[in-house]
Amino acid sequence: MRAATRVAGILGLMLISGLSHAAYQLNMTPGVTSFSQGAYDIHMMVMWICVVIGIVVFGAMIYSIVKHRKAKGAVAADFHENTTIEVVWTIIPFLILIAMAIPATRVLLAMEDTSNSEMSIKVTGYQWKWHYDYLGEDVSFFSNMSTPMEQIEGMEQKGENYLLEVDNKMVIPVNKKVRLLFTSNDVIHAWWVPEFGVKKDSIPGYINESWIEVPEPGIYRGKCAELCGQYHGFMPVVVEAKSEEDYVAWLDSQRAMAAEAAASAEKTWTQADLMNQGEKVYKTACAACHQANGEGLPNVFPGLKGSAVALGDIAKHIDIIINGVSGTSMQAFGAQLNDADIAAVVTYERNAWGNDTGDVVQPADVKAAR
Amino acid sequence: MSAVIEETHEHHDHKPTGIGRWLFSTNHKDIGTMYLWFSFIMFFVGGSMALVIRAELFQPGLQLIEPEFFNQMTTLHGLIMVFGVIMPAFVGLANWMVPMMIGAPDMALPRMNNWSFWLLPGAFGLLIASLVMSLMGMGSAPNFGWTFYAPLSTTYGPSSTDFFIFSVHLMGISSIMGAINIIATIMNMRAPGMTYMKMPIFVWTWFITAYLLIAVMPVLAGVVTMMLMDRHFGTSFFNAAGGGDPVLFQHVFWFFGHPEVYIMILPSFGIISQIVPTFARKKIFGYSSMVYATASIAFLSFIVWAHHMFTTGMPVAGELFFMYATMLIAIPTGVKVFNWVSTMWKGSMTFETPMLFAIAFIFLFTIGGFTGLMLCIAPADFQYHDTYFVVAHFHYVLVTGAAFGIMAGVYYWIPKWTGNMYDEKLGKLHFWLTAISSNVLFFPMHFVGLAGMPRRIPDYSLQFAEFNAMATVGAFVFGFSQLIFLYNVLKTQRGGVKATSKVWEGAEGLEWTLPSPAPFHSFTTPPTVK
């Protein structure tokens, strides 16, 4: 009896640990789209079938452990091999599996049907950010995690959306079938928003497809799901679903912002403005590797403070940022940053952390170097 | 030729001493012992890496280690536990037990046996050297996960990737030689009268496992060689820019990887099938259906690999095929579980440590089997994939499955190995601490996974904090409980109550006809099996 109490104790412990945390999410989200709901339903169905089978099998085991023990004087019976029962316990699971396979197939076929979509967004994974390109709309932008390092390192109180917040959200209209095209610029990433039930790998050189149709406005948060290097854990996905009018207004504002950025590339900046802008750009695009203090990580990422690049030839410095360094983790930022941003960040890197070269790089210099 | 054989026989008549006994050993017991100790040491090495990971994940935020080092820890933890703990422990058990169970004097190929063991310290020396260099500030150790997906491990891999590739080659050679040896032994050295369908189930499961190893270890060697070519010789197997495909890597890897997971569980099935009848004092319910179920699982393991890749954008027909094929595995696995339960049914059970571990195995492995069934449902897998739900699943089958099977086997056979009974009180203490803490450690992972926590992240958002803290507490209790196991094994080796040759009241099989401890050469004259 003692061992039985112990086994019951374990099961009880598992149950209590479930109940006492009921306030926290224990289960998969049913989400907001038809196929997150589909995934949830099939998940629950299979889970309950497993629970029932578990109760039967574990019940028989526990009964046997309690009753058929030598300490209670049980004498071993001598039976083995019974074709009937062996056929039965092969056929019944087979039938249960068929019962699971039918709805699973139905849900899967619906998910994989990307036909009749009303718009397309190309999603490109970069180490460690996402790029969204609204095909045919002339709108595209990068989306970086916006949680500050101070929160990650425990110097500041962590915010409500810790590690689940970005500078530029992906915006979609509600009630429209949006086709998503996934690819990658470097390694394999996976774009995942649990409430949509969509998780798809973005693979360099290939394009994967999926689709979403979100019925209600709101903000939906997810993460990169495929190990993609050291900042894999810091690559959130945030999607905002808006009404059709708000979405169109947002598109216009994006185009206006792009025009403004293009205009700013034409003017001549003061050093102070470049330093301000440069610091911002550095924090989002460079600090992950080269670190906020410009010292890099020894033997992994070179520092910029007092480095040959930051103190040497300006043209070479600009070239490295535009074209990257092949065979290293230094990406080509030419397509990611505009002329003004590159000019600002080069100026910043040449004057920050005691690199007081006094050099000022203008957007026009960058334009000439492209 | 005959002269050579005679000469070896004379050598064998003297039990060698000193370090030479181990370095040049051709004795199946000594080599088995070395395999088991190697595995035990690696268990603590890989386990301490797990504790580093769990310590960092105790709270949200980065407290102890950098994300880069975190990735090195997850990678090496996985590689060491798979290739350095579970697999060598099984080979060690096979070395010790297969000759004794089939009535043979030793393994069929004793010199190859020596070499296949001694490759392992080299292989893991290389792997761990990369970590030592990383700690000394010379580049990074492998940091791409134990599944080393391209191009993260090729174009973007650290220079230590080449150490890793060579290390995997050595492990592969070692495993293939071990498998050839086991097959040769089982096919050629069974005692008169021991037909295939009279072999103990542990021998059967290892026989099938050995074929799996021979089939898939060359595939693993192939995939790391392709990586090597991509990295240094200008090929583009996995690089789209050169006409290759990163997903090809995953197909080749998982063609190895899925049979590999059965390589890591079938011998445990065998151990449990030996232990349950002994302590239920009743024959195994369906011997032949157990054998056929094992063979079916082995066959199915070759045609389900892409269920690890549902999110890579396979055609829907492919997704359906791999979903259906994977579901079928539930049937032979169910047959095994039903057989164990029926064997216990109306038995006369006692609950010594090996039986406790065996019962916990049946409970907890079945939970891992249930989550496996859930994972194979493709539309739901889009939500589960690469989350802690998967981490929970494979730790249930590998820790509370494979590793519990190994621990059960060690307690079951250690009296035969040492001639001494282990300390039953310590064994039970070890069991209860291990069984409870492993659930505190792994069960909450189901919850955070379903709630959306991806795997392999060094920091997580706030809603996952409680269950991660709980898992970390479980991990430390689990880890330190294994010191009791270590102490108990050492104590048993030094002395204790003398074991009889039969050891367990209900034990059956040839190994229990030998005295305890078993003589240096198992059966010098073959026994006859009726």
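In the predicted model, strand β6 (residues 189-193) of chain A pairs with β7(A) in the antiparallel sense over five bridges; strands count as paired if DSSP finds at least two bridges between them. Across this pairing, A:Ala190 lies opposite A:Asp201 in β7(A). Helices (H or I, at least four residues) and strands (E, at least two) are DSSP runs, numbered from the N terminus.

Both strands belong to an open sheet of five strands with mixed pairing, in the order β4-β10-β9-β6-β7 (chain A). Because β4 (170-173) and β7 (198-202) of chain A are at the edges with a single partner strand each, one side of each has no neighbour in the sheet. On average, neighbouring strands are turned by 25 degrees against each other, direction ignored. Helix α5 (residues 244-266) of chain A packs on the sheet and touches β4 and β10 (236-242) of chain A, contact meaning heavy atoms within 4.5 Å. The direction of α5 makes about 140 degrees with that of β4(A); axes are lines fitted to C-alpha atoms, for helices over the stretch in contact, and angles run from 0 to 180 degrees between N-to-C directions.

Zero disulfides were found over all chains, a disulfide being a pair of cysteine sulfur atoms within 2.5 Å. The sulfur of A:Cys50 is 9.4 Å from the closest cysteine sulfur, in B:Cys376, and therefore too far for a bond. A:Cys50 is buried, at 4% relative accessible area (buried, under 20%; exposed, over 50%; partly exposed, in between; 1.4 Å probe, protein chains only). For A:Cys286, also in no disulfide, the nearest cysteine sulfur is that of A:Cys289, 8.9 Å away. A:Cys286 is buried, with a relative accessible area of 12%.

Residues are numbered from 1 along each chain as its sequence is written, and chains are lettered from A and ligands numbered from 1 in the order in which they are written. In this predicted model, local features need pLDDT of at least 70, side-chain atom pairs count only at pLDDT 80 or more, and totals for chains, interfaces and linings use all residues, while side-chain values use heavy atoms, with hydrogens and water left out.
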